Amino acid sequence: EDEFEVICVNDCTPDRTRDIIVEQQKKHKNLLLIDHEKNRRVGAARNTGFYAATGEYVWFIDPDDIITLDAIKELLPILDNDKLDFIQFGHDWMTEDKESISNPPFNLNCKFDTDIISGIDFIHEYQKRGLTYSDMHSGPFVRIYRRSYLIENKIIYPEVTYYEDQYHALHGLIAAKRMRNINKCYYHYREVVTSYSHVPMSVAKRAGQVNMCVGMVRLLQGYNMEERDVQYIWKRYTE
């Protein structure tokens, strides 16, 4: 436990999660609990945890999911040895009751391994293989980042109602000079039907989505990307 920290951000949960974490703190010295005074949504919660982190790497894990037993043990040496900005890996989907989903709504990144490449070169590799940007599931949980990389490039989560993960994932990818993709599953995503991503589209949710799409256009323009790459990425959000 002296090798890693677990930071739990309580964004005003109405259930017993906080009580459970307090009990676990009695058993685990590396478990930190931070409370929000009011509900600020997932982007703000991730930022709170990020600002509190002291380790060399950060992994944004959703509270209802599961990581494989030896994930950190296997991935940390790769991050260290290759001096990566981030490492990306595969995941699978399961129901809320932890039953495997054979036909998930998104692809799982388990397509190919790469050597050390830039984020832009990784996009080109997808293009060469006939894959779309939509095939690259960009949830925050499929990457472990070097914390200093995120700080130096000012990569934080927009504190909006929706699509904050899309913006963060895109920024993290196109700014990267050294990344690797690992064709192995290290994360089990549980599809909880009451989560915010499954809530029907509302005015607030749509506003957040539009806001982030505008932000992603500006982000792509700011990195002076080739037009073919911009169109390749943007096709995901116009279909």
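Visitor: How many aromatic pairs does the count come to in this model?

Guide: Good place to start! This is a predicted model, where local features need pLDDT of at least 70, side-chain atom pairs count only at pLDDT 80 or more, and totals for chains, interfaces and linings use all residues. Residues are numbered from 1 along each chain as its sequence is written, and side-chain values use heavy atoms, leaving out hydrogens and water. Rings of Phe, Tyr and Trp (its six-membered ring) pair if their centres lie within 6.5 Å. By this rule, the number of aromatic pairs is 14.

Visitor: Are the planes of Phe-50 and Tyr-51 stacked, edge-to-face or tilted?

Guide: Planes under 30 degrees apart count as stacked, over 60 as edge-to-face and the rest as tilted. The ring centres of Phe-50 and Tyr-51 are 5.9 Å apart and their planes stand at 50°, so this pair is tilted.

Visitor: Is Tyr-51 buried or exposed?

Guide: Buried means under 20% relative accessible area, exposed over 50%, and partly exposed in between (1.4 Å probe, protein chains only). Phe-50 has 7%, so Phe-50 is buried. Tyr-51 has a relative accessible area of 54%, so Tyr-51 is exposed.

Visitor: Which residue has its ring over which Arg-46 lies?

Guide: A charge sits over a ring if NZ of Lys or CZ of Arg is within 6 Å of the ring centre and within 35 degrees of the ring normal. Arg-129, for one, lies over the face of Phe-112, at 3.9 Å from the ring centre. Arg-46 is at 5.0 Å from the ring centre of the residue you asked about, Tyr-157.
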